[in-house]
Amino acid sequence: MVLLSGCAAATRGAPAAGDSLSALRPQYVSTYLHHPGKPVVIRNATILTAAGPELSRGSILLQDGKIAAVGGNVTAPPDAIVVDGSGKYVTPGIIDAHSHLGVYAAPGTESQSDGNEATDPNTAQVWAEHSFWPQDPQIPLAVAGGITVIQALPGSANLIGGRSATLRLIPARTVQAMKYPGAPYGVKMACGENPKRVYGDKGPSTRMGNMAGDRTAFAKAEKYRRDWDAWLTEKEGDPPERDLQLETLADVLRGKAFIQNHCYRADEMAQMLDLAREFGFHIRAFHHAVEAYKIADLLARDSVAAAVWADWWGFKMESLDGIPQNAALLQQAGARAIIHSDSEEGIQRLNQEAAKAMYAGRNAGINVTREQAIRWLTANPAWALGIDSTTGTLEVGKAADVVVWSGDPFSVYSKAERVYNEGWLVFDRADPRAQRTTDFNLGTSAPGVGQ
Amino acid sequence: MTGGWADGRTVVVALSACALWTGVVEAQTIAITGGTIYPVSGPKIENGTLLLRDGKVAAVGLSVEIPASATRVDAKGGWITPGLIHGGSSLGLKLFDIGAQLETQEDTASGDVKAAFNVAEAVDPASIAIPVARLEGVTSSISKPAVGLFPGQAVLLDLAGDRVEDMVAQSPVAMMVDLGQGGKPAGGGSRGRTLQRFRRIMRDALEYDRRRDDFRRNQMQPLAASADDLEALLPVLRGRLPLFVIANRRSDLENALKVAREFDLKIVIWGGAEGWQVAPELARAKVPVLLEPLTNVPRFEALNARLDNATLLWKAGVKVGVAQQDAALFRDLRQAAGNEVRNGMSWDAALRSVTLSTAEAAGVADRYGSLEAGKVANVVVWSGDPLEFSSKVNHLYIRGREIPLVSRQTELLDRYRTLPPRY
């Protein structure tokens, strides 16, 4: 709701007034604080800014958590830590638009299987952050792969799975301390096989049942939104009864929460675009989208991003038509392509997945440049998450979310050597003290996460 | 031999002999020139010539005489390697992991002890996954059964051919046994009991072999498995068939080494996520490991999994081959090998881990895994470093025959390259 975020910022930490409505009080506010440190200047590196042409022998200055300067000639303050970037590459921190870290934590036990509230096809009321385990040992493994921000999503058992959480991957005791300040909520939806398989007799059991379930939910949300918006304007009489499920969907209708839609088949994505038109909201991104290339023109027309794997296919019927040129064809059509992981292993090398997708395009005669492909991992997911004004590119004023790579990030041999999360060196391959482990890692004999 | 399964096995063995000859009829003489040859068994040969004849490598080197009748292939600038061998997949046996599409699954059968179950006759040569894997340079696969204490017998397939007989290169190539998490149900829920059952089955196989007459006269106590299954274990007990032991936890690996000593078995570790912790023991026992190099997420069966497992094993002298269990990743052998290099292995050893080392583990290195005269002509001509994403397959040969570089996926690309599509 419009009022909530302002309210939250104003009252962080302070108890809310006792007589106000719960709906108007701060809701699970981010307690993230930028980690202070000395300025850092990385010199003489190849810089992929994701905002323009590559800089060869460029420099970048990180100061107070922000990018203070980037270019061929950068002046650094005398106390700046100097990193020699000779032979190295610098990119924005990688943003995984589709992760289940923390909600499907390792070790993968039933006890920590917290990603699907598979009790009803519509669970718009659940929030992924309420499942998220900050001690998931998968987190430092992802950081070692250059990930700075993830969208942690509920699973895809449900038509409407709940709210996602946009999180900074930093060591923290609480999820609140990881929440990306100001990030809009995502709302997970799922098409296709999963919802209809999970609910069987109860329904939905068909794709038409899926659509009917979605439409029923949004039809109810329309009235809820109208009732609340009217009450908030006039503040007369009793407020409408609060309904957490409808509250989430009403925020979708207000354009405040972004639909993140798991959807494989082209024809189903086209159906969902129509559904969005029926209810007047915008689908921010289709996820998995293995057939996005078949409707790249429609996605470009409606400004819907497509978050895809490089080459996954064939693991279920609706993934049959996956091809490795998916992202390249989206790029060619002017649509917004994203390479996502949906995998605790894939998230550790999203750069390689983007490389596979880029070269699959090039080797098939679809020209994709490194400048374009780096955006699949940075600027484009930042846009899908609604945080592109503050991260996703190496531009002055943006967050100092930066990765220093040992070489070309589109080579299989390159490694993330240093990862800065808003200026905080959260991973340094050369320094075991900067290879942080979670509590879960203690007492096992595996060495640092850099291995 | 007794029982239908054993008979079935005889047939399959006969087929594999056939299969090699099938290639002979169709294959021509091909001379690949101008590229850099990586034979794996020896140092690279720049601007060398590779001669393929009758489905075999006829010659490789700098001064190879090219017959006038040979088809010449100019591989200038290319990198030439043996075809990649998958160290354990369900290629040809399975398509979907999710959604119980039983029509596409042939790698599991009911029961715990299926030593006599050979997957060869379940293989679907028309599987659409096969051409997709080929496009990434995979020419052979150890295709294996899954689930149970003894999931069954794996076979080595060459990934081309219209009939199973055209594909089977070695059947069986290995017996599978699961002494880890997956084998627990067969022991009623505990590894200790699974191992006890394993030993009893192995002892009964020997006992059955010693007392066949008693068995036929019904003068034996009930055996721990059917006669078919016990019979199928005899080649393993005689050291003639490798036993692929699925084991990841350090203690499971130690158990595997222990039972190998007890029964004098030729074992190969399949999985081996915590292998680095017992690398010297594996090296001393000359036990190869077929592993997934990218598996490092801690699970209770392998809390100490790590990304450089393959490297540490290799450094200790263990023979390492690559398998990728996940159906979505069957084609990604070269990415797996590239990551081995990324994590400290030499480039040569990484290439070996998707070719010759796997062939050695499977006991087929006399025919597979390197470019040497007399070996099966499974060859890939790459545009560059095969472990890099920038490279692609320019030519691919299986049993000396050039395979067109098309798949269902290239057809989809052609259809949708420009929109609207061309139906």
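Q: Which residues have the most contacts inside the largest nonpolar core?
A: This is a predicted model, in which local features need pLDDT of at least 70, side-chain atom pairs count only at pLDDT 80 or more, and totals for chains, interfaces and linings use all residues. Residues are numbered from 1 along each chain as its sequence is written, with chains lettered from A and ligands numbered from 1 in the order in which they are written. A nonpolar core is a set of buried Ala, Val, Leu, Ile, Met, Phe, Trp, Tyr and Cys residues joined through C-beta atoms within 7 Å. The largest one has 265 residues, and those with the most contacts inside it are A:Ala306, A:Val308, A:Ile338, B:Val245 and B:Ile269.

Q: Which residues is B:Val245 in contact with, leaving aside its neighbours within four places in sequence?
A: Contact requires C-beta atoms, placed from the backbone, within 7 Å. B:Val245 meets that with B:Val177, B:Leu179, B:Ala256, B:Ile267, B:Ile269 and B:Trp270.

Q: Which helix of chain A gives the most to the side that touches chain B?
A: The contact takes 41 residues from chain A and 36 residues from chain B. Helices here are DSSP runs (H or I, at least four residues), as are strands (E, at least two), numbered from the N terminus. On the chain A side, α2 (138-143), α3 (193-199), α7 (296-301) and α9 (350-362) each supply at least two residues. With four residues, the top contributor is α9(A).

Q: Are α4(A) and α6(A) roughly parallel or roughly antiparallel?
A: Helix α4 (residues 207-234) and helix α6 (residues 266-279) of chain A have axes 11 Å apart, at an angle of about 20°. Axes are lines fitted to C-alpha atoms, for helices over the stretch in contact, and angles run from 0 to 180 degrees between N-to-C directions. Under 35 degrees counts as roughly parallel, over 145 as roughly antiparallel, 65 to 115 as roughly perpendicular and the rest as oblique. The angle therefore makes α4(A) and α6(A) roughly parallel.

Q: How are α4(B) and α6(B) placed, roughly parallel or roughly perpendicular?
A: Helix α4 (residues 191-210) and helix α6 (residues 227-237) of chain B pack with axes 9 Å apart, at about 95°. Residues in the contact include B:Met202 and B:Leu206 of α4(B), and B:Leu230 and B:Leu234 of α6(B). The angle decides it, so the two helices are roughly perpendicular.

Q: Where does the cis peptide bond with omega of about -10° lie?
A: Most peptide bonds are trans. B:Pro172 lies in strand β10 (residues 168-178) of chain B. The cis bond joins B:Ser171 and B:Pro172.

Q: Which residues does the cis peptide bond with omega of about 0° join?
A: The proline is found in the segment after α13 (408-416) of chain B. The pair is B:Leu419 and B:Pro420.

Q: Is A:Ala289 buried or exposed?
A: A:Ala289 is not a glycine, yet has a positive phi of about 35°. A:Ala289 sits in the loop between β12 (283-288) and α7 of chain A. A residue is buried if 20 or more other C-beta atoms lie within 10 Å of its own, exposed if 12 or fewer, and partly exposed in between, with C-beta atoms placed from the backbone. A:Ala289 has 31 such neighbours, so the class is buried.

Q: Is B:Asp366 buried or exposed?
A: B:Asp366 is found in the loop between α12 (356-361) and β15 (379-382) of chain B. Because 12 other C-beta atoms lie within 10 Å, B:Asp366 is exposed.

Technical notes
Contact = placed C-beta atoms within 7 Å.
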